[in-house]
Amino acid sequence: MCLICYEFNKKRMTIEEVKRALPEMITFAKSEDEKAHFKKLQSATSQEELEEETNKHTDLQAKK
Ligand SMILES: [Zn+2]
């Protein structure tokens, strides 16, 4: 489970907080896929863009 997507989706994290946490998430990513995902989140410039990416990720998790 990706904590950052989950917390953002539950509105427990703001876009600013997500952005602040991401460099560390990227540094400690367990796989290249995970790293790519965090970089994608980092490149999101609006609330909507970030929501779209986190929604995709939490949907994926729910199906597993
Ligand atoms: Zn995620």
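## Helices in the model

A helix is here a DSSP run of type H or I with at least four residues, and helices are numbered from the N terminus. The structure described below is a predicted model. Arg 20 lies in helix 2, an element that spans residues 15-27.

## The nonpolar core

Seven residues form the largest nonpolar core: Cys 5, Phe 8, Met 13, Val 18, Phe 38, Leu 41 and Leu 50. Two elements, helix 1 (3-9) and helix 3 (32-43), each supply two or more residues to this core.

Leaving aside residues up to four places away in sequence, Phe 38 touches Leu 22, Met 25, Ile 26 and Ala 29.

## Packing of helix 2 and helix 3

Two packed helices are described by the angle between their axes and by the distance between those axes. For helix 2 and helix 3, the angle is about 155 degrees and the axes are 9 Å apart. Angles over 145 degrees count as roughly antiparallel, and helix 2 and helix 3 are therefore roughly antiparallel to each other. Their crossing is left-handed.

Which residues meet where helix 2 and helix 3 come into contact? From helix 2 come Val 18, Lys 19, Leu 22, Met 25 and Ile 26, while helix 3 provides Lys 35, Phe 38, Lys 39, Leu 41 and Gln 42. Sorted by class, this contact contains six nonpolar, one polar and three charged residues.

## Lys 11 in the loop

Lys 11 is found in the loop between helix 1 and helix 2. Most residues other than glycine have a negative phi. Lys 11 is not a glycine, yet its phi is positive, at about 60 degrees.

## Arg 20 in helix 2

Arg 20, in helix 2, has 11 C-beta neighbours inside 10 Å, so this residue counts as exposed. Arg 20 and Gln 47 are 27 residues apart along the chain, and a distance of 15 Å separates their C-alpha atoms.

Definitions and conventions: Residues numbered from 1 in each chain as written. Predicted model: local features only at pLDDT ≥ 70, side-chain atom pairs only at ≥ 80, totals over all residues. Core = buried A, V, L, I, M, F, W, Y, C linked by C-beta atoms within 7 Å. Buried ≥ 20, exposed ≤ 12 C-beta atoms within 10 Å, placed from the backbone. Contact = placed C-beta atoms within 7 Å. Axes fitted to C-alpha atoms, helices over the stretch in contact; angles between N-to-C directions. Parallel < 35°, antiparallel > 145°, perpendicular 65-115°, else oblique. Left-handed = near helix turned anticlockwise from the far one by under 90°. Nonpolar A, V, L, I, M, F, W, Y, C, P; charged D, E, K, R; others polar.
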